[in-house]
Amino acid sequence: MNRAWGKKQKVILIIPDSYLAVIKNSIGSNLFRSLYAKVNGKRTDITANGELSCAFYVSSILLLFKFIKEGHATVDSTVKDLKQSGWKKIKKPKIGSIIVWGKIDFGNNDFHKHIGFFIGNNKAVSNISELGYPDEHHFTFDGKRKIELILWNPKLK
């Protein structure tokens, strides 16, 4: 195999394939476990050691492929950026689409939405709170979570 990229070769990145590969290759990664901010003047891991990393995880990958304008720490701000960046609501997930699940109670009335990627065959990849890293799972969490929104970018065709 010739690895001299750029030397008289025309190389064109295949965005949909690369995007899906990065999502699948992120499974088990601790890369998105911590995101620090000052909260009331105090340095804080606002993702709680991976427990609340879903938006950071998804927005980081989307930003890598320039599918959104910036990284995010919340599902709502990620969804807002997705919509402003041309992502469209669809009824059934397509490979590469974004799934937003409705709020669930983490205890003490601490409700959170969840966000992840649909990868096909009824599977999704999202950051799993109990694990603190992205993992593959059924796209409805085996019927335990209601899908609130599915977003698709036409560039993924």
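The exercises below, each with a worked solution, concern a predicted model.

Residues are numbered from 1 along each chain as its sequence is written, and side-chain values use heavy atoms, with hydrogens and water left out. Local features need pLDDT of at least 70 and side-chain atom pairs count only at pLDDT 80 or more, whereas totals for chains, interfaces and linings use all residues.

**Exercise 1. The chain as a whole**

Determine how many helices and strands the chain has, and in which order they run.

Solution. Helices (H or I, at least four residues) and strands (E, at least two) are DSSP runs, numbered from the N terminus. The chain has 3 helices and 8 strands. Starting at the N terminus, their order is α-β-β-α-α-β-β-β-β-β-β.

Next, consider the dimensions. The C-alpha trace spans about 60 × 40 × 30 Å along its principal axes. The radius of gyration is taken over C-alpha atoms, and the globule rule is 2.2 Å times the number of residues to the power 0.38. For 157 residues a compact globule would have a value near 15 Å, and the 17 Å of the chain agrees with this.

Finally, consider burial, where buried means under 20% relative accessible area, exposed over 50%, and partly exposed in between (1.4 Å probe, protein chains only). Buried residues account for 39% of the 157 residues.

**Exercise 2. Helix α2**

Explain why helix α2 (residues 54-64) is described as largely enclosed by the rest of the structure.

Solution. Begin with the count: 8 of the 11 residues of α2 are buried, so the helix is largely enclosed. These buried residues are C54, A55, F56, Y57, V58, S59, I61 and L62.

Then identify the packing partners. The buried residues of α2 pack against the helices α1 (15-25) and α3 (75-84), and also against β4 (98-105), β5 (111-120), β6 (123-128) and β7. Contact here means heavy atoms within 4.5 Å. Just after α2, K66 takes a positive phi of about 60 degrees.
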